[in-house]
Every structure is written in C-alpha cells, then in structure tokens.
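Hi,

Have a look at it first, then read on.

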4 protein chains.
Amino acid sequence: MAGSTFGHLLQVTNFGESHGPAIGCIVDGCPPGLTLAESDLQPDLDRRKPGTSRHVTQRRESDRVEILSGVFEGRTSGTPIALLIRNEDARSSDYAALVDTFRPGHADYTYWRKYGARDPRGGGRSSARLTAPMVAAGAIAKKWLRETYGTTVRGCMQQIGEIAIPFESWDEVERNAFFAPNAGIVAELEDALDRLRKSGDSVGARLRVVAHEVPVGLGAPLFDKLDADIAYAMMGINAVKGVEIGAGFRSVTQLGSQHGDELLPDGFAGNNAGGVLGGISSGQDIEVSLAIKPTSSIRLPRRSIDRSGAATVVETHGRHDPCVGIRATPIAEAMLALVLMDHALLHRAQNADVRHAVAPLKARSKSA
Amino acid sequence: MAGSTFGHLLQVTNFGESHGPAIGCIVDGCPPGLTLAESDLQPDLDRRKPGTSRHVTQRRESDRVEILSGVFEGRTSGTPIALLIRNEDARSSDYAALVDTFRPGHADYTYWRKYGARDPRGGGRSSARLTAPMVAAGAIAKKWLRETYGTTVRGCMQQIGEIAIPFESWDEVERNAFFAPNAGIVAELEDALDRLRKSGDSVGARLRVVAHEVPVGLGAPLFDKLDADIAYAMMGINAVKGVEIGAGFRSVTQLGSQHGDELLPDGFAGNNAGGVLGGISSGQDIEVSLAIKPTSSIRLPRRSIDRSGAATVVETHGRHDPCVGIRATPIAEAMLALVLMDHALLHRAQNADVRHAVAPLKARSKSA
Amino acid sequence: MAGSTFGHLLQVTNFGESHGPAIGCIVDGCPPGLTLAESDLQPDLDRRKPGTSRHVTQRRESDRVEILSGVFEGRTSGTPIALLIRNEDARSSDYAALVDTFRPGHADYTYWRKYGARDPRGGGRSSARLTAPMVAAGAIAKKWLRETYGTTVRGCMQQIGEIAIPFESWDEVERNAFFAPNAGIVAELEDALDRLRKSGDSVGARLRVVAHEVPVGLGAPLFDKLDADIAYAMMGINAVKGVEIGAGFRSVTQLGSQHGDELLPDGFAGNNAGGVLGGISSGQDIEVSLAIKPTSSIRLPRRSIDRSGAATVVETHGRHDPCVGIRATPIAEAMLALVLMDHALLHRAQNADVRHAVAPLKARSKSA
Amino acid sequence: MAGSTFGHLLQVTNFGESHGPAIGCIVDGCPPGLTLAESDLQPDLDRRKPGTSRHVTQRRESDRVEILSGVFEGRTSGTPIALLIRNEDARSSDYAALVDTFRPGHADYTYWRKYGARDPRGGGRSSARLTAPMVAAGAIAKKWLRETYGTTVRGCMQQIGEIAIPFESWDEVERNAFFAPNAGIVAELEDALDRLRKSGDSVGARLRVVAHEVPVGLGAPLFDKLDADIAYAMMGINAVKGVEIGAGFRSVTQLGSQHGDELLPDGFAGNNAGGVLGGISSGQDIEVSLAIKPTSSIRLPRRSIDRSGAATVVETHGRHDPCVGIRATPIAEAMLALVLMDHALLHRAQNADVRHAVAPLKARSKSA
C-alpha cells in the first residue's frame, strides 16, 4: 500500500537507496521446506550486477547477498526471508552538482515535487540499483516454481536501438554481454555500443521474457488477471515504457480468425494469447515483450531548470549504462517469476479442491 | 486480494455475470461532499452500452444504474457507494451449445480448468459486460478529479485493423460510432466494419487515453508507480494485449538525447515520458495507448476440443461486437480516472504537509 | 483499505445505510463447487433479525436475502457472491430531531467530525443493521467450514447486566429469546428485560463464541495471528468493548504452571489458550468472550450539545433493543466463521505441501 | 497478507528469528521531513530490552538499532525506513533439548504442525524478541504523532498476578523496573517477583495504554474501526489474551444511562467509550487495557509429548522473564502509536477537505 511491497500472497518489501549503507528486501509468504542458500541467489545477482562488461556502468559492486532470516538448517521455514546487500562503491561526490537541478528523463523533478526533498546521490530511491533485491527475490521464486511445477523463466534481448536481434537459440543468451540469443549479431552490437558510449548518448531496447511449463489456471477473471499483474510488474521496472503479452500490438491488425488460438487435442495451434486467456494462464508459454527507454543520464548537455525555476544546463557525468535495457533481462525474469509464484499460491488457496478427469492441454512445443 | 477489488484507497469491488440477474460494484473510499446522482453516471454508461450502432453488439441493455448507498441528500457521505445494474436481455439459449466446448481466444478453457465449472452464458464472469460497473465507478472518479484538480480524462480510437486514424480534434470523438477523432475517416470505417460484420470475422484496434491537468507528484518510486498501476488497469480490460506510456515502443529506437524531455521554465519541451517520470506524475498529460485484440466470438468455424479432449468445431452465433475495441474507449477512460483518483488520495495521505515555494511546471500545451 | 472490506483471501465488502434503499455485501474468494442457495443464508439472518421477540427492537424487516451473482446451477462458481437485502421499514421521521444533535454513546458526534456531514436516519452507516450482510456472509463460511473440515461455530449468552447465565447445554440456546444456554434462567431474564424496557434504560451483556473441530495450523506467528484477527473481527462488531481468548483476563492472576495447557498423547489437558498458541490454532476449541456495552439509544433524557456546541438534552424515541447484546450472538458467530475460513485459505496457500507422519492431537472433549 | 506486514498506509514489515543473525523491520509510508536518527529510537528499545533488572530475562542484548535507508541529511525522505538490530547473545545450546518436544503454552506444537518444521532456538519466529523492531518503528510513530498533533502515548502496569497497582502518577512509571505508576507498591512487587523467580514459576499481568490529544475522526464506521485495529494490534502482542477499550468488561453490568458519555460544551462528561465512538476517535483519551498470560517457559516440570506423540516431560531452562507482562509496556505503547499514525494518514487521505466551523470538543482533563 505504501508503495514498497510487491505481490499479494508472496510479498516482497524492498528498501534502500542507491548510495545509502545498504539495500535489500523481505520476502514473505514463501512456503516452508525449500532448500535455500545465498548460492541460489548469487548467480542472477551476478548477471544483473554492474561492471561485468564495458557496455554497462563501471560502478564496482560485488552485490553479495546475505540471508538474515527465514532459512533454518538450509531450508525455508515459512517465515520472512530478509535479504541484505551492502552498498560498496557509492561515489556520492559525482552527484553534488545535481542537488539543485533536474536531469531530463529522470525522476529528479517529480520526486522533489512529491516529497519536498530528495536524495540526489545516484538517483536515491529511483535508482535501478533497487532492482538488485528483486533479482534475489526472483531467484527464490524461480527455484520454487522449477521444483514445484517444472516452470522455468528466461529472457533475452530482441532489439537494441535500430538493431533487431533475430532469435536463434536460448543457448547463446548467456554467452555475450547483451543477453542476445544470436551469436552472429554480437560484433555489430559491440560496435554500436562502443560508438554510442563514445558519443555520450544512450539508446533504447526491446526485451522478451518467457515462462515455460506454467500451470494452467493461474490468474483471475476480472482484476488480478495474470496478464494485468505481469503488466504491472514489468511497467514497474525502471525505464520500461511499453508491455506486450503474446501478439501485443500486432493484434491491432489481426482478424479474429487469425488471432484466436485454436485448441487441438495435442495442444493450442498457436500462441497469440501469450499464454493468458481471459486473465488466466492457459498452460502455453507466457510471452512478454518490453520497451525500455534509453538511459536518461547522458554526457551530452541538456536544457533544464533549477529549483527556483530558472533555466540551466545539465551534463551527467558519473557512471551509467549506455543502454539500461541490457541489465534489465534478469530483472524482467525475476519480476515474472515473482508474479507467477504469487499467483500459484493464490490459485491453490481458492481452488485446491478442484479436480479434473482430463489432464490439461500440453504446450505443443517450447516457444523458440 | 480475491481478485474482484480494484484500487488501493479508492476501491471498487465488482460483482456479476453476463447473464445473471444483475451486475454492479461498491465504490469505497470516495471523499464526502461530492454532489452525485445517477445522472452523473449514466452518460458514460450510455457511451459504453451495447446496441448504440450497427457496429456493436445488438444486445439490448438500458444499463440503468441505481445508487443503493453512500449518497445522502445529493452528496457523497464518505461511505461505500453501491451501484446496481439489472441485466435485461440475457438470451441464455444462445450459449447452450457452448457448455461442452471452448471458444478459441476466449476464457472458456482456462476458466474451466481453474474453477472446475463455469457459467457459459455470455462468457459469465469473463464477459466485457462486467466493465459497465467500472464505467459507472469511473464517472465518479472523473467528477471528483475535475472538481478537485481540474483534471479531465478522455479517449479516442487510433486505429481499427489496418486503418490508422489521424488525430484531428477531440470534438469529433463523440460524433461518430467509433470514437474516431477525425470526421473524414468515418465513412471508410463504416464501410470496413460493414464488410467485416458480413464476413463473420472481427478485427483489432488501438486506442489512446489521455489525462490533462494531472497534479504533479502522484505515484511512488518503486512499486505502485503511477505508470505500473495504469498498465495493470489497462491490461486488465478485456482483450487488451499491449500498453504503452508516452513514447512506448517508439522509445526502443530513440536516443537518450531524443527521449528525455527537457525542462524549460515554461514547461517540458516534449512528452516522451507520457506524463510519468520515475513512476511519479510530472504534471504533463498522461498519455496511454492500448492494443486490443479482435473479438474472439466470430461466426466462422474454428477448431477446438470438447471437455473430454476430443476434436470439435465451434461457431459462435449470439450477438457480438465485430471490434471490441470500439466500446473500450469509455472503459479505458474510466480505468485511468480510477487510477488517478486513487493515487491522488494516496499522495495526500503521505505528503499532505509538503510545501513548495515555487509552483509546479505548467503543461506547455494540451496534447492534441 | 477504505474500511468496508473484511478479510484477506475471503473478502467481504459491505455497503448500505440503515435507512437507505438496501444493504448488502460482496463475498469474494469463496472456493467453487459449494452448493449454495438463499435458504442456506436465511436461518442465521432470521436469528439476527429485529422483531423476533418483545426483547428486541420492533422494527419490521423480513431481511430476505437475494443472491445476485457467484452461484451457477446451485453451486458457487468461484466468482464474487453478491448478496442484497432491501430495507423495508425505514421510519426516517423518527430521526428528524437528531440531525442537529448527538446522542451520547453513539457515533453521531465522531461521524460528523470525520465526514463533515452524516445520515442521521437510524444511525446511517453506523447502525448495527449493517451486520445483517455479515451474518449472511458468515453463513457461507459456516457451510464451507462444516463441509470441508467438520468445523462448527456457535455462540451463547453468558451474562446480561448483573445476571450471570451458567452454561447448561447448547441445546437450550435456540429455545429462548436470549440465546441463553440455560432454560432455568429464562424467566428471570424476561422479567429483568421487561423492567428495563419500561424504565427506558438499557444494559450490557457478555457473549461467548466457540468453534469446534478447527484444523490445527491456522494463523501466523507475528501479525495476522489467528487470535489477533479474531479480536479485530469481534471488536469491530457494534457496541463491543472487550474481547477475550481462552482464559482472557483470568490469565492475569494465573501462574505459568496453571495456565500453560499440558500436552498429553490423547489431547491437551486444558484450554486456557482458547485454541490458539502463538497465533496459530492448536486444534482445541476456539474460545472467545465478548463484552457488549448497553444500547446507547435510550428514552431517558441525556445531556448533549448541538452542532454549534451549545448545551441541549437528547431523548431517543424510535425503536431500539434494550440490550443490543442479545442479537449479537449470530453476528459474533458469523464473524468468527469468516475469520476461520479466511485463515484456512491462507494456510493452504502457503502450506499445502506440508506433510506429517503423525495425526494432530485430538480435542479431548468438546468444550461445554 | 503473508503475515509479516502491519498497517494499512503506514506499513511495518518485520523479519527475523530470536537466534538468527539479525532482526529488523521496514517502515514504509512515513511522511517526508520528519527529523530522525537512531537516537530517537534507542530510548524505547532500551526500555524494552532484556537484562535491565533481575526481574526480566538475563539475556544480554544491546539492541542497538541501525537505520539503513529512508533518512537523508537527518530527515525522513518519504522512502522506506529499514531498521536493523543484530542478535548478539544467542545461546542456541539452551534449546537443543527442545527440538523434539513441545513446551506447554508455547507455539512449539502449533508452529510445527503448520510449517512441518521449526527453528527451536529461543522460540524462533514466535519469540517476543521480534517485538523489538516494532518498538523502534513505534518510536517513529510516536515522534510523528507528537510533532503533528501533540499526541502522546504511554503505558503502565495495572496488576501483576494478585497485586493490583493503584494509579498514582505517570511520573513514577519510569522510576521502577515494573512500569508501576505507584512508588509505594514497588517493594511488594519486588518481593513477589523474587519469590516467583526462585520458585521457577511465572505470573500474568494487566497493562494499560493511553493516548492523549488524539485528533477526532480517526477510524471508520464498519471495518477498520479504530478500536478494532487497536484490538488486532494488542492481541497480536505475544502472550496477550484479552483487550479492553474504555469500560471494557465493566460495560457488561452498566446501564445505558451510566455508560453513554454525555457531551457538555466543555467536553465529554466521562470516558466509558475509551476515546472511540462507533469506531471513530472522539478526541478523548484512547484507553486500552490488556491481559497478559504468565510466561510459558518455566523451570517446573510439565507434561508434554514428543514429535511421535509419546508422553514426555519438559523443563525449560535458558533465560526467561518471570512475568512477560513487564516488558510489554513499551511494546503496547509502540503498537498503539503505529495504529494511530496509520489511521491519521488514512483519515486525511479521504477527508482532507472536510471543514468545520466549530472546533472539536476538548478533552476535559487528561485521564489519570
């Protein structure tokens, strides 16, 4: 309610600022008995953390997570799991010049109007750094989903600026700095990003996140539709400006006879629905696509105003991602996993007694 | 939590099925003192209701709303406002054939898997008919926003199938059956829809919803971002498959130097942000765009399965919208108004004491 | 959040005023498949309704409930169940004199200060009449609990004013107008209430509510403790001023060696805990006791002020219960049932996979 | 929802176990601009902490709180305030013997049944140690209430076992180990507690908590009544078995002509209401009374069962409070302060625009 808690039954409450002493979250509602250790969370944190290549911010954070509660003798106990990450490389001096002005595209202005004051160091609460605890929380959800239903969640880059990235294989995604599912395009991306970084500018991106082996029946018919909660989760990620489920905006020009996925005895004939029909999961892959705006912090001079309303010019130095979309891939995966686990718990609360004589339709083939 | 309540502080709890005795909602949390009567709600209900032209479903519903509580001597009293709409033209026989099978693109299959049974009459709970109470609730929010802040919310059609609708004027929107902001294109739309209806098929659409004169400071930095809540609200509307805020998917190919709206002493230089920066309203127009899939109920034969899993063919007769996007315009307006009013209440709860020496930036010009 | 919704996963949203056109509620989150009809709800409504004896208010309300949604072919469908009760005997003229003044002990003053205006007719939203929809909702919870776990909930009167009512038998409770579990004391109660009514005064009462065969494990260790949620539910009933679980205030003078219920292989040795240990149900009977203040509306003259703050005198005519505690018995049962069902759903959401080799302790004997 | 978050708009999410590495909480929703430092929180933590006299547990915890976020340059920034307390003196070996059995009166049995496993060290999540973060959170609420409305919250002991403690003066409360508002009775209490400690037994207590200068209008007419939320908060404190507001159980034997507090131009004539009428604060002192059961951990042998259901005997050594009621005073104050601040925010969200020509009634005199 106060804006720092995510989820209905699986609730993640997040705290921290970019340059404060620590960031973290409390994950409440996780079922007991899941084996869990820091080593389950670290891999996704490492995928998201800064400084992993020259194409992302050079801030040095080890992003080591500490589990403070909720795990006893290696298993979740059903009590809240508190996760703590200490901030290490917080160069606040970079931001001294920004106290009195507002970076275009940033939350600086709106934050100041809302609260009357703001922590200007690294974006304070508005920093994408606050997604790190969500990635750790999402790793718990991923593990629980995988062990309970065989559900897996993964993401990849679809486009950076004008460069579309044809999907080739999930295997490539972890082999390059861009989460690109295509080895052949990496050199072109590297070149483009190098030029962009030198120019001092930034660029947008388009991501895709997919969940496989999702149980049928998650969601609700009216509000708390599964796709509505996914849209909420995705649009809540820093810099996201658009969300699509399944055919998304392509459905504008489709006919009903094209869009509606036919049901065959061996599965759905297509997946324009993106795995959600009437707000409820169909058992098909959940398909989500995101538009991410270009990083707002750029070295080029931009016109702005100061706190008295007078005209000024802002140049942002400090260390920034030339394309914030890159590091968003593990974040989007985490948020999708959190939504799915939350809805799995909600679903069994109400419908644990529902029985069917016939097994649900299988997904015909994993979406490529 | 159980999926039928929308909002944080302004909460709308919705009930009903397409062919049950009645539909309606309870609007809780409205401030006291607002003048309110059924006549404030009926105009938007009439804009949404079926049967207003040959281009929408021919079901005959007067959609007369009755206020059952929460208004005393013509003013809201601060207590929950219950709204009741009786269903009148529920031809259940149209649906008898559908009990045992699943219409492609519909919630039939997922609903049955989730709950073990379903009301097949008119889509039951999954019918777009359940948006009528939201339109009535939204009319309350619109009125409160207008009287409190001068905020207005309006929507229009941007595209139907392949026909893009160039924006000319808000004045045109209420003068045609398509909510098209362009008089010149109406004949082409009529012709296209007539052909479509005869063919038995349906088509998708793209809508735009805008809020003007929104107070700065609504939203939150992490979760419950204003744009995240808008995405949740919009993706929750029946048949919506994509949501954009501001530049939306165009931001994928933008550079940071293009996207970030500069701040000038007389206002923002652009509105790629769509009125939201870092999850908080900037005072610019809130700009939202939606993709709506083609109606799933079409007369053309589609392959499906029955409840035993065997192959069958479905043809949907009954009365349906050839383009559900048309009637979605007042629905999207209502949902946006509800989100804004909810966030206005949330904002003043926490920040009622924040004072500024300088007035917020003005919107430079109303977005066309 | 806005104050008219009760419960976490099983949510009841209530609307209406004492003298408005109707009262009712929406029950959301009920599992599908429960057989349900108005006839399941009416008996408890009839136990609560006014005019059943000379010892309660003479207002004539049939309190006929109509199910508007959520039930299809005689079974709950998993969608919200809307319940409507039309007000019939609303003599608003009785209250005309009260618009400008405040009845001592009533919400008149506080309501006016909070909202700036109030519906003075019959207490408006603050009337105990608004418990009728909760009794109907509670009847759904009772039925689901009974069919799912064999859980039953019942209440009885323990004391009216100075007259303590020794417990003899549950069988007597429905045989007299006072819900007294003791036939021998009924004449004394009738005589006392007759004298009280003639005097124009009113009196307090003490109730007991018990749940038998409650599953072990409902509740949570910190907040949303089962007993905390029960206390919330009970203190929320009109006129309740005190709540006890198990030994309640008697535990103040107990020693640890007396209070802590020993565990024996065939069950707990006692029930000072009232069925809740550490916020979680133990499988013992849930034992709750309530203090209900005397009716605030009395015929005797009381000093008060008017809206300008000047001294005045109030006498309340109209039709009132000389002891509001009497009709509170079915209300308290309903609220306890709602809390238990809500927690049963919450429990299985998180802990559906927990398995035990050993059956839980049996309750040794039903509490008398 | 998942049971570790307290409050509606001011939300405190708590984590930790008695013998884990740390405990703490996240306080979300605090308005910006409040001056805040650890030194504002430490005094109440010190009042609650163990080892302050021979009459409480001898566990040695400094309970030093660290603010991890939400405060910038000495003022709250409107973002979540994370509070961390490291556990220092966790002698887990004391509990090794308890893994396989269940202490009477404790959550051991119910916790094990619910979650299938439990952390037996010091009660794990069920330990009263988890109230420390709430005391710190409550200190924030106390400060905000005092600075915003002049509201103060304080508590005192009313009775320990058979020894009633007549109220003399608030000034005495902080001068003795028992929070007794009466200097003359301290020797008797010391003597009784010394004997009790030697005997290995424990005893119950009765506390009182009062809030002065509470704004009129906090609460709601139906659910989320101010007194219902107070009852929830108080019954949620470890070992509480009963809650009273105002006259509480005394109202059972009162007549309406005695109980209903008359309104006079200079204030209410009495405070049987305990400051709440119809669920809404009246501006009178909020008066709450609590029954606290005797500590369940005692050195005397008690019958119990082991995890296989076989009979056994339990003696609890380790370090325990002979009367847990003593340290509950600052806890109850904190919980009352949190409820009041939460409702103050809720109230202004909905009713910020309500205006009155006449000032509210003054409290006639501070309750003694």
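D191(D) and R195(D) sit 4 residues apart in helix 4 (residues 186–199) of chain D, so about one helical turn separates them. The two form a salt bridge, with 3.2 Å between the closest N and O atoms. D191(D) has 42% relative accessibility and counts as partly exposed, while R195(D), at 52%, counts as exposed. Over in chain A there is a network: D44(A), R47(A), K142(A), E174(A) and E333(A) are joined by salt bridges that share partners. Do bear in mind that this is a predicted model.

While we're on charged pairs: the rule gives 100 salt bridges over all chains. One is R208(B) with E287(B), where the closest N and O atoms are 2.9 Å apart. That pair ties together distant parts of the chain, since R208(B) is in strand 10 (residues 205–212) of chain B and E287(B) is in strand 16 (residues 286–292) of chain B, 79 residues apart. Both R208(B) and E287(B) are buried. The other is D46(B) with K49(B), at 3.8 Å from N to O; here D46(B) is partly exposed, with a relative accessible area of 27%.

Then there's R48(D), in helix 1 (residues 38–48) of chain D. Is R48(D) buried or exposed? With a relative accessible area of 2%, R48(D) falls under the 20% cut-off, so this arginine is buried. Its side chain reaches the backbone oxygen of A128(D) at 3.3 Å. Setting aside neighbours within four places in sequence, R48(D) is in contact with D63(D), A128(D), R129(D), T131(D), A132(D), V135(D), R327(D), P330(D) and I331(D).

On to how chains D and B meet. The contact involves 16 residues of chain D and 16 residues of chain B. Between them the two chains bury about 1,300 Å², 56% of it on carbon and sulfur atoms. There are 11 residue pairs in polar contact between chain D and chain B, both residues at pLDDT 80 or more. How many salt bridges cross the interface of chain D and chain B? The rule finds 2. D353(D) forms a salt bridge with R348(B), the closest N and O atoms being 3.1 Å apart.

Now the inside. The largest nonpolar core has 362 residues, and I160(A), I160(B), I160(C) and I160(D) have the most contacts inside it. Taking the chain D copy, I160(D) touches I165(D), F178(D), L189(D), L193(D), V203(D), G204(D), A205(D), C323(D) and I326(D), leaving out residues up to four places away in sequence.

Helix 7 (residues 328–351) of chain A has 24 residues and spans 34 Å from its first C-alpha to its last, close to the 34 Å expected at 1.5 Å a residue. Since 24 of its 24 residues are buried, helix 7 of chain A is largely enclosed by the rest of the structure. Helix 5 (residues 226–235) of chain C is mostly covered too, with 10 of its 10 residues buried. Among them are D227(C) and D229(C), along with L226(C), I230(C) and Y232(C).

That's it from me.

Cheers

Technical notes. Residues are numbered from 1 along each chain as its sequence is written. Chains are lettered from A and ligands numbered from 1 in the order in which they are written. This is a predicted model: local features need pLDDT of at least 70, side-chain atom pairs count only at pLDDT 80 or more; totals for chains, interfaces and linings use all residues. Side-chain values use heavy atoms; hydrogens and water are left out. Helices (H or I, at least four residues) and strands (E, at least two) are DSSP runs, numbered from the N terminus. The expected span of a helix is 1.5 Å times one less than its number of residues. Buried means under 20% relative accessible area, exposed over 50%, partly exposed in between (1.4 Å probe, protein chains only). A nonpolar core is a set of buried Ala, Val, Leu, Ile, Met, Phe, Trp, Tyr and Cys residues joined through side-chain atoms within 4.5 Å. Contact means heavy atoms within 4.5 Å. Buried area is the accessible area (1.4 Å probe) that two parts lose on being put together, summed over both. A salt bridge is a side-chain nitrogen of Lys or Arg within 4 Å of a carboxyl oxygen of Asp or Glu. A polar contact is a pair of N or O atoms within 3.5 Å; within protein, one must be able to donate a hydrogen and the other to accept it, and residues adjacent in sequence count only if both atoms are side-chain atoms.
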